[in-house]
Amino acid sequence: MKPGQIALVVALAAALVAPFVAYPVFLMTALCFALFAGAFNLLLGYAGLMSFGHAMFFGMAAYFFGHVVKAWGLPPELGLLAGVLGAAALGLVTGALAIRRQGIYFAMITLAFAQMVYFLCVQMPFTHGEDGLQGIDRRALLGGLIPITDDRHLYYVVLAIFLFGYFCIYRFIHSPFGQVLKAIRDNEPRAVSLGYEADRYKLLAFVLSAALSGLAGATKAMVLQFATLTDVSASQSGEVVLMALVGGLGTITGPIVGAFIIITMQNYLASFGEFVLVIQGAIFVVIVMAFRKGLVGEIADWWKSRRKAG
Amino acid sequence: MFDFLGIPPQALFGQMLLGLINGAFYAMLSLGLAVIFGMLNVINFAHGAQYMMGAFAAWLLLGILDIPFWASLVIAPILVGLFGIVLERLLLKRLYHLDHLYGFLLTFGLSLVIEGLFRWQWGSSGAPYPSPIPGGYNLGFMFLPTYRGFVVVAALVICLVTWYAIERTKLGAYLRAATENPTLVNAFGINVPRLITITYGAGVALAALAGVLAAPIQQVSALMGTNLVLVVFAVVVIGGMGSIMGSIVTGFGLGLVEGMTKVFYPPASNTVIFVVMAIVLLIKPAGLFGQTK
């Protein structure tokens, strides 16, 4: 077996026993954010599109999940489906507009749309404004076959969702579609001259990323049983950027590492209150100034240079 | 008195004034963003935080040193501008050779740090700043608080002075030339890196000046800049950052649009600017005053 495969097997084994060692809710939250960061990274790392409004997909999907399960009393599978489809639809509309501009404007446009969605969430009745949706039931999956009221049971469901989501990301990146995306990222005029309709590829990547962010958001609502304005806020959008950045933009495992680091940090620093933002901001500054490749990226570089030297 | 579509003139003109005031801040902030972007190729996310710092500087100068508003109007922007210069020299300067994205991320991180520190020190609830010119005029069709009228006029003057400085003075000519081709301008013996530093300092000072003007109208609070800067980003996308005059017109215009929405359909007043942005992206993606490259 190659070292990469061994690492994968070890990681999977660790994921299976993890809930017996660590607090399951913490693990599930981290997995949701890892998937969210992975979806964001799919767009930035492989399509070169920097979205600063990804919280709108994550947060809206959480609301959709909550509404379907709580207000309509439908099973959680349909809630997840509603979250994914709703986020994808929102991604289609905002993405079609945002890809009309490039570079830094793209970031500003997505940020502005996310802020609009935030304002709408404050006003729309189904989100319950400042209160949010609370006490979303954990109803059994597959018509009662899989009960999820126990955190450990739910953990394996969340792990399966996470693995499915990440497998999708992996397949996208390693498909011909992913290759075209990278070509557009690196040299758009050239890709266009080869006959690829760049805008279509970008839009598809945007919608896929939105849908997977939606899956993460809906799953988060299933785990924590609430959906609030925090999930759609600009600071949430910033947080997912930070996770991807800490782990390493454009690496597959980076966002997972980054999400676990940031969620762990938030858990430990919760007592610092307002100061958590200062620390997060400082991490942003340090990483942008000194470690732009992120943890995984820097380690990979170090590994490569060591092998070259040896 | 006349009614317009069933809306009393008091409400109509009152909201129009409020819209103009908001527009004045949009114009001043988007102007600063455009000036900085033109020279540094960086979207200064910390613009809102620096606007907040301007308001806080005025509030602290009054509270601790008893320095009046009119002096703060000069001192606060200089202080915050110097802070901006330090940031540029220490951090931003090192990112110019990279993708624009990193400047955006850096200034985003900086705004988190700045706002977090202010929140930690002074909390999130606002502090009032006394109006330097209390009272107002009854114009018959509406009541005009003197200070608010002053803000609109002051903002117009500030915008026009900035426009003049960039489009009509020698320094402005250097600036525009350096935006076009920094290497060539450097070869002519003009210190371009210093020009860049000055530009950033001036843009930041402009944000702080807007903050000082806002202090007597809004509560001075750590979060006063955050939401504003997000709307200003939409304003910048709508106007396009290519033209100074374009930023000014778009800023005031969108303020008015927002004010009118508050009169005719209040629930949409928060979102109308973003809707305008979506429409502009559909019709003229480069922005109203932008050029497509």
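## Secondary structure of chain B

Chain B contains eleven helices and two strands. The model described here is predicted. Following the sequence of chain B, the elements occur in the order α-α-α-α-β-β-α-α-α-α-α-α-α.

## Overall dimensions and packing of chain B

The radius of gyration of chain B is 19 Å, close to the 19 Å given by the globule rule for 293 residues, so chain B is as compact as a globular protein of that length. Along the principal axes, the C-alpha atoms of this chain fill a box of roughly 65 × 50 × 35 Å.

Of the 293 residues in chain B, 50% are buried. Among the contacts in chain B with a separation of 6 or more, 77% are between residues 24 or more positions apart.

## Interface between chains A and B

In the interface, 33 residues of chain A are in contact with 32 residues of chain B. On the side of chain A that touches chain B, the elements giving two or more residues are helix H5 (103-123), helix H10 (234-247) and helix H12 (275-290) of chain A. H5(A) provides the largest share of this side, with 14 residues.

By residue type, the side of chain A that touches chain B comprises 23 nonpolar, six polar and four charged residues.

Terms used. Residues numbered from 1 in each chain as written. Chains lettered and ligands numbered in written order. Predicted model: local features only at pLDDT ≥ 70, side-chain atom pairs only at ≥ 80, totals over all residues. Helix = DSSP H or I, 4+ residues; strand = E, 2+ residues; numbered from the N terminus. Rg over C-alpha atoms; globule rule 2.2 N^0.38 Å. Buried ≥ 20, exposed ≤ 12 C-beta atoms within 10 Å, placed from the backbone. Contact = placed C-beta atoms within 7 Å. Nonpolar A, V, L, I, M, F, W, Y, C, P; charged D, E, K, R; others polar.
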